[in-house]
Amino acid sequence: MPALNPSATWSMSDPRPVPLSPTLAVNEALVRKRREGMRVLPLGFGEAGIPIHPALTSELAAAAGRGGYGPVAGSGELREAAAGYWCRRGLPTDPDFLVAGPGSKPLLYALLMAVGGDVAVASPSWVSYAAQASLVGVEPIRIPTVPGEGGVPDPELLAEAATAAKAAGRAIRTVIVTLPDNPTGTLASEDTVRRLCTVAKEHDLLIISDEIYRDLVHDPSRPVPSPARWAPERTVVTTALSKHLAAGGWRIGVARLPDGPCGSALLSSVRGIASEIWSSPPAPMQHAAAFAFGEPPELLERVDASRALHATIVNAVADRFEAAGARVVRPEAGFYTYPDFEPMRENLRAAHGIETGAELTGMLLERHGLGVLPASAFGEPDEALRMRVAPSLMYGENDTQRLAALGADDPTELPWIADSLDRLSEILDDVLVPVCEPVPARAVA
Ligand SMILES: Cc1ncc(COP(=O)(O)O)c(C=O)c1O
């Protein structure tokens, strides 16, 4: 473990600097802008934006009296239910190889801490993987994805990176994949995942497959290619209630460890870390999560409606970016899109002096109150003009509006959503005014 602070003269006023996660930081900036009286369009925060289903709140209320800590890895009730959830998705699961925690984020952190060694992550990838690796004191190695298939490092480049690390006396021990992906909203193909599994076997890597958006693939008949199918002995799968059931604030997640020698050793480390950090997942949440993982019809219906709403709105937003001149890979899952303003680079430079993604998103925030995150927050080079757009907070300002959005035949026609979409187009048109090329002097005949 690295020392808290390398300086010998540590004082209370000199802690280790840890920046706020960019997703939370953009949210705070928007709150400030709103307070200053600016109209804001918050498309930066990865929140599902859907009310909690009342059946879930009833279960939570019924368990509110549970004040005991309970088992470190989570209750038998929750682990049985989560095992059933994965079995129904073609991944036979032993409840004894599951660990629940206060969200999947701390579980991912505990896994990285338990395994040690460098971590391969996709570029781009969700902000917290690399940040957590740095906190744990291991190196995040960023590996580009196959074009159009976010979330999974290109297997050939991963193999090269693992070989290069070995030659340099280092070891990549883990690769993290996101299926489907945040930030790109895409789902990698089975072929890519299978090839990744082969490379993981050749280089003895643990695969962590973050499948928190699994139930939000826009075409629900499309299978999610989990590496747990082709490399079950070395794949950990994580999930939570945060996205498909919009219960991020409830802080409950589950990790499915491989059953076998690797899984047993990992289980005992992760349990040890959990016992020292969070003791046990919150007891009332565990009861509600057990109910959720049992997938009663009313919750399945809610997930279906949410998936349809996310698909409609994120595609409508992608259309607006495309109309403004950005290049967009169509979102296939969840509620993110990742437009690329590279085709407008010359315009942006000429009109606004913009050279980097952060300059572009900074201008959108400061001048227009539009909150989005630059590609650099996801590990891409500073000059990339891509940005992650998360439109789910457009669904409404209160639960009445959000429920209306969930139930609408065409949610884009609801006045508050239509208004936000139009405001988005207005901002983009304003920023991306084409700069006229100087007209070449006409040759005189
Ligand atoms: C890819 C990904 N994994 C994990 C998380 C965090 O999940 P949890 O709420 O379970 O900690 C998020 C939340 O934004 C996410 O996008």
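Tutor: The domain assignment of the protein chain gives domain 1 (22-46 + 298-431) and domain 2 (54-295), where the bounds come from an automatic or database domain assignment. Please keep in mind that this is a predicted model, in which local features need pLDDT of at least 70, side-chain atom pairs count only at pLDDT 80 or more, and totals for chains, interfaces and linings use all residues. Residues are numbered from 1 along each chain as its sequence is written.

Student: How many Å separate the centres of domain 1 and domain 2, and how many residues does the contact take from each?

Tutor: Taken over C-alpha atoms, the centres of domain 1 and domain 2 are separated by 26 Å. The contact takes 26 residues from domain 1 and 27 residues from domain 2, with two residues being in contact if their C-beta atoms, placed from the backbone, lie within 7 Å.

Student: Which elements give two or more residues to the side of domain 1 that touches domain 2?

Tutor: Those elements are helix H1 (22-35) and H10, and H10 gives the largest share, nine residues. Helices here (H or I, at least four residues) and strands (E, at least two) are DSSP runs, numbered from the N terminus. By kind, that side of domain 1 divides into 14 nonpolar, seven polar and five charged residues; Ala, Val, Leu, Ile, Met, Phe, Trp, Tyr, Cys and Pro count as nonpolar, Asp, Glu, Lys and Arg as charged, and the others, Gly among them, as polar.

Student: Zooming out, how many helices and strands are in the protein chain?

Tutor: There are 14 helices and twelve strands in the protein chain, and its C-alpha atoms fill a box of roughly 85 × 55 × 50 Å along the principal axes.

Student: What percentage of the 445 residues count as buried?

Tutor: Of the 445 residues, 49% count as buried, where a residue is buried if 20 or more other C-beta atoms lie within 10 Å of its own, exposed if 12 or fewer, and partly exposed in between, with C-beta atoms placed from the backbone. The largest nonpolar core has 130 residues, and among those with the most contacts inside it are Ala82, Leu98 and Ala289. This core draws at least three residues from each of domain 1 and domain 2. A nonpolar core means a set of buried Ala, Val, Leu, Ile, Met, Phe, Trp, Tyr and Cys residues joined through C-beta atoms within 7 Å.

Student: What does Leu98 touch?

Tutor: Leaving out residues up to four places away in sequence, Leu98 touches residues including Ala73, Ala82, Val254 and Arg256.

Student: And H9, why is it largely enclosed?

Tutor: Nine of the eleven residues of H9 are buried, so H9 is largely enclosed by the rest of the structure. The cover over its buried residues includes helix H2 (54-62), helix H3 (76-87), strand E2 (98-101) and H10.

Student: What follows H9?

Tutor: H9 is followed by Glu295, whose phi is positive, near 55°, and Glu295 is found in the loop between helix H9 (283-293) and helix H10 (297-323). With 15 C-beta neighbours inside 10 Å, Glu295 counts as partly exposed. Asp204 also has a positive phi, near 55°, and is exposed, with 12 other C-beta atoms within 10 Å. Most residues other than glycine have a negative phi, and most peptide bonds are trans.

Student: Which residues does a cis peptide bond join, then?

Tutor: A cis peptide bond joins Asn182 and Pro183, with omega about 25°, and Pro183 lies in the loop between strand E6 (172-178) and helix H7 (190-202). The bond from Ser123 to Pro124 is cis as well, with omega near 5°, and Pro124 sits in the loop between strand E3 (118-123) and helix H5 (127-136).

Student: Last topic: how many residues surround the ligand?

Tutor: The ligand is surrounded by 13 residues, the closest being Gly103, Ser104, Lys105, Ala240 and Ser242, where a residue is near a molecule if its C-beta atom, placed from the backbone, lies within 6 Å of it. This shell divides into three nonpolar, eight polar and two charged residues.
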